[in-house]
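Hi,

Here's the structure I promised to pass on. Have a look first, then read on for what turned up.

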Amino acid sequence: MTPVDVICVGTSVVDIPLQPVDRTVFDSVSYPVEDVSMRVGGDALNESIVLSKLGSRVGLVSAVGADAAGEFIIQTAREAGVDVTGVSVQQRLTTSLNVGLVAPDGERTFITNRNGSLWKTEESDIDVSGFLGSPGATEETVVSAPRILAFGSIFNNPLLSGDWIARLFAAAKAVGMTICADMVPSRIGAGLDDIAEALGYVDYFFPNEDEVIDLTGARDGAEAAATLLDKGVGTVVLKTGKRGCTLFTAGQEPISIPAFVRDDLDAIDTTGAGDNFAAGFIRALVDNKTPQECAVFANAVAAVSVGGLGATSGVQSKAQVDEFLASRS
Ligand code: ADP
Ligand code: NA
């Protein structure tokens, strides 16, 4: 197997966005829309594809069903240059398909399968050993373990428990990897206590402001970040939407880095902006950039991504992002 720099571990789904769909949808027998087709979605899958387009050697570790949607995920990732040997195909699972109803004003509702792979993926379905080596491997015994494990995202697959995530991160740390993670709101009421141990292994954590305020019960992002640093997170990279992001590291002043405002575009699609942000940050980490430089590059990748439809069509190459950065400096 060719060595990879990064493994993206976590969620892969298929999205079917339908637009525009308004409230009269049930008034007619047939409701034509411009497009009905499968798009890849899910944080780990999006991150892996964008990282590959940015020139990283990347592997995806995820689980799909033995069905057409699962094949579509594997095929799309493979065509983008992602190492898909870590994607497990499970007879038991039905690959999650999210049907998105997008109103003319941009408001969205997702119809999801509560028995789909997102909900039913179990800890034993996710196997990083092909990339990390056998259990008990150490930095000395493993040849070329990937540099970075990117988990996308904490709480996304409800059956992947905080304890299991902590063991995964510990195993990756033992072979010298840097741990990056994003989060989503828990679908089953899990909270900070459930992931406190896992957070202790995280070097770079990419939540958005609302998510950490909810998670910690803090009054604002800064207070929430302080709580997360207390749990042992190395650097909280707080995403603040069109304001950009703020870096929080223990013992240092927070550093805010403004987003690249896209006044040059008529339409903005922020689907997957957070995943593109994470991919950008990680791409710069692979190049040994400072956290501040990584954050600038992350904002740039996210800003390029909002110019394309869906999560993975905006960013095509690192050269494209470098050009965008040059045009803004
Ligand atoms: P999430 O999608 O995970 O909730 P955000 O909404 O904070 O995360 O967006 C992630 C990143 O995308 C931001 O940190 C910023 O860099 C970028 N971004 C979001 N919205 C815009 C926008 N309108 N213009 C430019 N960049 C944006
Ligand atoms: Na997120």
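Which residues does Val-64 touch, not counting residues up to four places away in sequence? They are Ser-12, Gly-70, Ile-73, Ile-74, Val-87, Val-89, Leu-93, Thr-95 and Ser-117; touching, or being in contact, means that the C-beta atoms, placed from the backbone, lie within 7 Å.

A quick note before the rest: this is a predicted model, where local features need pLDDT of at least 70 and side-chain atom pairs count only at pLDDT 80 or more, while totals for chains, interfaces and linings use all residues. Residues are numbered from 1 along each chain as its sequence is written, and chains are lettered from A and ligands numbered from 1 in the order in which they are written.

Back to Val-64. It sits in strand β4 (residues 58-65), and it counts as buried because it has 28 C-beta neighbours inside 10 Å. The cut-offs: 20 or more other C-beta atoms within 10 Å of a residue's own is buried, 12 or fewer is exposed, and in between is partly exposed. By that rule, 44% of the 329 residues of the protein chain are buried. Helix α1 (residues 43-53) is mostly covered, with 11 of its 11 residues buried. Just after α1, Gly-55 has a positive phi of about 95°.

Now the whole chain. There are 11 helices and 13 strands, taken as DSSP runs numbered from the N terminus (H or I, at least four residues, for helices; E, at least two, for strands). Its C-alpha trace spans about 65 × 50 × 40 Å along the principal axes.

β4 belongs to an open sheet of 9 strands with mixed pairing, in the order β5-β4-β1-β8-β9-β10-β11-β12-β13; two strands pair if DSSP finds at least two bridges between them. β5 (83-90) and β13 (255-258) are at the edges with a single partner strand each, so one side of each has no neighbour in the sheet. Further along, β11 (residues 235-239) and β12 run antiparallel, joined by 5 bridges. One pair to look for is Leu-238 with its bridge partner Thr-246 in β12.

Finally, the ligand. Ligand 1 has 20 residues around it, and Lys-239, Lys-242, Ala-273, Gly-274 and Ala-302 come nearest (a residue is near if its C-beta atom, placed from the backbone, lies within 6 Å). The elements giving two or more residues to this shell are β12 (244-249), α9 (273-286) and α10 (291-305).

Happy browsing!

Key:
Contact = placed C-beta atoms within 7 Å.
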